[in-house]
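Hi everyone, thanks for coming. I'd like to walk you through a structure, one region at a time.

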Amino acid sequence: MSRAGSAAPTVPLWRRPRVRSLLWQVLLCLAVAALAWFAIVNVTENLARAKIASGFGFWNVTAGFDISQTLIAYSAQASTYGRAFWVGLLNTLLVAGLGIVLATALGFTVGIARLSQNYLVAKLAGWFVELIRNIPLLLQLLFWYNAVLKALPDIRGSIAVPGGGFLNNRGLFLPDPQVTAGGPVLAALLGGLAAAVAFGLVRERLGALGRGAPRVVVTLLLIVTPPLVAALVAGSTVSFTVPEMGRFNIRGGLEVLPEFVALLLGLSIYTAAFIAEAVRAGLMAVPKGQTEAAHALGLRRGATLRLVIVPQAMRVIVPPLTNQYLNLTKNSSLAVAIGYPDLVQIFTGTVLNNTGQAIEVVVITMAVYLTISLATSALMNGYNAWITPTER
Amino acid sequence: MTDLAMPAHKSVAFVRTTPAPRVPRPPLPGGPLHWVRTNLFPTPFNGLLTLLVVLLFVWTVPPLVRFLFIDAVWMGTSRDACLPSAANPDPGACWAFVRTWFSFFIYGPYPMAERWRVDVFFALLAFGTAWLLWLDAPRRGLGAAFFFLVLPVVSFVLLSGFPAIGLPTVDTASWGGLLVTLVVASVGIVVSLPAGILLALGRRSTMPAVRLFSIGFIELVRGVPLITVLFMASVMLPLFVPPAWSPDKLLRALVGIAIFASAYMAEVVRAGLQSIPKGQYEAANALGLGYWRTLGLVVLPQALRVTIPNIVNNTIALFKDTTLVFFVGIFDFLRTIEIARVDPNWATPVTSTTGYAFAAIFYFVACHFMSRYATGIERRLAAGDRR
């Protein structure tokens with residue numbers, strides 16, 4: 001019993017919090033390291049036994065397989081696995097990008113409809129959300145693909161689409177616009193889009209001071225005028241290659257794969273149901289007094305929604321919305337089920353089977369999704385900070 | 001003051017001394033007509049919407065009812081029953097097909113003689129789930145022990161067999177259907193809840209190495225699609241272990257699902273932990289409780305209780321995600337339907353749609369009741385705040 005006044009009580013070394021915490025952390029690190037070492041040893045042995053190459057040498061090897069939808073030039077004989085990777089990534093981004101646009105539009109509509117004063121509309125929206133959310137996405141994709149699109153008439157019974165297109169169980173064939181001297185036009189379009197975004201951002205700040213320009217008109221002008229001017233200056237012309245019905249296939253035109261349509265439909269509808277819930281929660285988070293105050297000021301329902309409710313609801317909506325966008329992007333990997341050539345189908349499917357290099361292929365694929373996830377999170381967090389009204 | 005003091009007879013004011021007769025209250029607007037006016041036709045635009053929705057109903061509901069019930073074929077032994085005939089020129093859902101394949105959807109290729117074992121497993125699982133979900137059940141601690149410790153062991157012995165006690169071994173390759181769906185989902189829950197709690201605690205830990213490891217694991221797994229995690233488990237896991245230990249297909253998928261579910265569960269639990277005020281920790285510390293006792297006696301009982309609805313919602317997501325084991329060659333419920341629907345004996349134009357309709361009804365009913373339960377618990381937990 002050492003009760004000698006000024007001397008600090010001696011605590012055994014192993015009872016001191018800092019020592020304990022250090023001990024636990026060292027143990028954890030050792031355990032992780034041991035696990036990693038065990039895995040690496042086994043991998044080396046297993047690969048040597050199975051005579052599987054390692055490293056990223058396969059990236060420049062000729063692929064030798066065809067891909068049904070390519071946004072960039074690709075051929076089985078001349079292109080490499082690396083090229084196939086980019087084709088797959090672009091296909092994933094295409095379906096995810098379009099899906100996000102469609103899902104947002106449908107989701108906001110349904111979310112607002114759920115709070116409609118119209119009994120039938122609100123009920124219908126509620127049923128839609130309940131039904132879609134409770135059925136696995138994979139089942140919905142299989143349904144759209146196998147039961148709806150594959151049940152369309154075959155090539156001979158093609159349904160004619162107004163404007164010179166065809167719809168059958170091999171896809172949707174549309175006239176393909178061919179633009180000569182398209183480079184400057186595209187550049188002008190991108191420039192116009194950038195200008196429109198910049199205008200939107202600037203106006204947001206100026207608008208707060210009450211000096212706004214008519215937003216819609218200026219934005220439209222900024223987007224439409226530059227490409228038109230560029231087209232006139234560069235003398236480009238637009239012509240359409242119309243798909244032609246052959247005996248066994250359809251030649252020319254723009255071909256939209258049924259796999260693509262099924263995936264886009266399934267992803268958009270499924271995600272829209274979740275977005276609708278986020279939108280509803282966000283709208284309901286705005287206190288009722290805000291609506292009443294807006295009505296008292298003489299604003300109509302539409303104006304109230306647009307000017308008072310939605311801006312405040314957006315800060316509640318954006319974080320779950322971001323999550324849904326990421327979910328949609330990740331869920332696009334279910335393309336494997338219906339054979340749409342996305343990143344997973346091409347890379348972890350065909351390339352993995354051809355090369356047998358499981359670790360490299362899976363790691364690359366995971367890294368891509370992880371990058372997309374982290375980048376989107378960062379972007380949307382920035383957007384959320386931007387739209388959050390400054391509070392005094 | 002002076003006015004009131006004036007004698008009544010000299011005033012021009014009239015002061016009533018008897019109460020006015022009661023007037024019945026004006027009739028409130030009511031009745032079905034008023035309801036229709038305020039809820040269906042409040043504005044011209046809304047009236048138009050109402051008409052559009054009614055039109056949509058008229059256009060979709062009767063064909064759907066015809067397909068599912070009126071024109072549906074209930075009896076039959078082969079595709080002939082579901083092909084257009086004179087009696088039924090436009091046949092609806094081919095339920096006869098589902099009846100024929102029903103036991104395959106439930107058990108997969110599990111040996112016929114041993115299927116009672118699967119039934120016992122279903123019963124045990126239902127019992128354990130009910131014990132866990134019924135908040136007023138007696139001895140819920142025992143229920144948790146049953147679900148998280150006893151059930152996994154008993155189920156494993158029961159399903160995969162134990163020759164020493166007279167249960168012949170059944171290879172996991174012949175498990176299938178609903179059995180596999182439930183096995184995958186319940187393994188996901190049984191592993192992910194404890195693992196998720198540990199990861200969530202790790203993420204809030206003051207030890208940098210533990211925190212970093214937890215955050216890394218959670219964000220890595222949540223940042224990639226489940227399908228890549230499953231591929232990783234199915235093609236990389238066998239490389240990570242000596243060939244003698246190489247796990248079978250089902251086990252690989254289970255590992256993938258468990259990893260994935262744990263990361264998501266960790267975030268759900270973390271939200272619950274964050275809802276516990278700091279004062280609770282401080283009070284526990286003041287009482288002299290250490291870290292684990294603070295957690296076990298004070299924090300977790302409160303945190304998990306408010307998290308139940310989210311845990312159930314997470315379970316719904318997991319239940320739907322079990323369909324993805326499809327991609328690593330496991331015969332789950334959806335996969336058995338995919339197999340059955342291309343059976344040449346039942347090749348009719350309506351077979352696929354019937355199969356999908358059956359699967360959709362199954363998943364919808366299961367998920368719907370889980371979400372109803374979660375909503376009920378949420379209401380019950382909020383009851384305290386409503387006082």
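Let's begin with B:Asp90, which, leaving aside its neighbours within four places in sequence, is in contact with B:Asp71 and B:Pro84. By contact I mean that the C-beta atoms of two residues, placed from the backbone, lie within 7 Å. Before I go on, a word on the model: it is predicted, local features need pLDDT of at least 70, side-chain atom pairs count only at pLDDT 80 or more, and totals for chains, interfaces and linings use all residues. Residues are numbered from 1 along each chain as its sequence is written, while chains are lettered from A and ligands numbered from 1 in the order in which they are written.

Back to B:Asp90. You'll find this residue in the loop between helix 3 (44–70) and helix 4 (95–107) of chain B. Helices here are DSSP runs of H or I with at least four residues, strands are runs of E with at least two, and both are numbered from the N terminus. Is B:Asp90 buried or exposed? B:Asp90 is exposed, because 9 other C-beta atoms lie within 10 Å. The cut-offs are 20 or more other C-beta atoms within 10 Å for buried, 12 or fewer for exposed, and partly exposed in between, again with C-beta atoms placed from the backbone. From B:Asp90 to B:Pro238 you go 148 residues in sequence and 51 Å in space, C-alpha to C-alpha.

Staying in chain B, the domain assignment gives domain 1 (25–60) and domain 2 (101–386). Those bounds come from an automatic or database domain assignment. The C-alpha centres of the two domains of chain B lie 45 Å apart.

Now a pair of helices. Helix 5 (115–133) and helix 6 (140–160) of chain B have a loop between them, and B:Arg139 lies in that loop. Helix 5 and helix 6 of chain B pack at an angle of about 170°, with axes 10 Å apart. The axes are lines fitted to C-alpha atoms, for helices over the stretch in contact, and angles run from 0 to 180 degrees between N-to-C directions. These two helices of chain B are therefore roughly antiparallel to each other. That label goes to angles over 145 degrees, whereas under 35 is roughly parallel, 65 to 115 roughly perpendicular, and the rest oblique.

Which residues make the contact? From helix 5 of chain B they include B:Phe121, B:Leu124 and B:Trp131, and from helix 6 of chain B they include B:Phe146, B:Phe147 and B:Leu151. By class, the residues of this contact divide into 14 nonpolar, three polar and one charged. Nonpolar covers Ala, Val, Leu, Ile, Met, Phe, Trp, Tyr, Cys and Pro, charged covers Asp, Glu, Lys and Arg, and the others, Gly among them, are polar.

B:Arg139 itself has a positive phi of about 50° although it is not a glycine. B:Arg139 counts as exposed, because it has 10 C-beta neighbours inside 10 Å. Chain A has a positive phi in a residue other than glycine too: A:Lys51, near 55°. A:Lys51 is in the loop between helix 1 (17–50) and helix 2 (81–114) of chain A, and with 7 other C-beta atoms within 10 Å it is exposed.

On to where the chains meet. 45 residues of chain A are in contact with 41 residues of chain B. Helix 1 of chain A gives the most to the side of chain A that touches chain B, with 11 residues. That side has 30 nonpolar, 13 polar and two charged residues.

Last stop, the sheet in chain A. It is an open sheet of four strands in the order 1-2-3-8, with antiparallel pairing. Strands pair if DSSP finds at least two bridges between them. Strand 1 (159–161) and strand 8 (254–256) of chain A are the edge strands, each pairing on one side only. Neighbouring strands of this sheet are turned by 20° against each other on average, direction ignored.

Strand 1 and strand 2 of chain A form a hairpin with three residues between them, and A:Gly163 in the turn has a positive phi of about 100°. Follow A:Leu167 in strand 2 of chain A: it is the bridge partner of A:Ile159, and in strand 3 of chain A its bridge partner is A:Leu172. Strand 2 and strand 3 of chain A form a hairpin with two residues between them.
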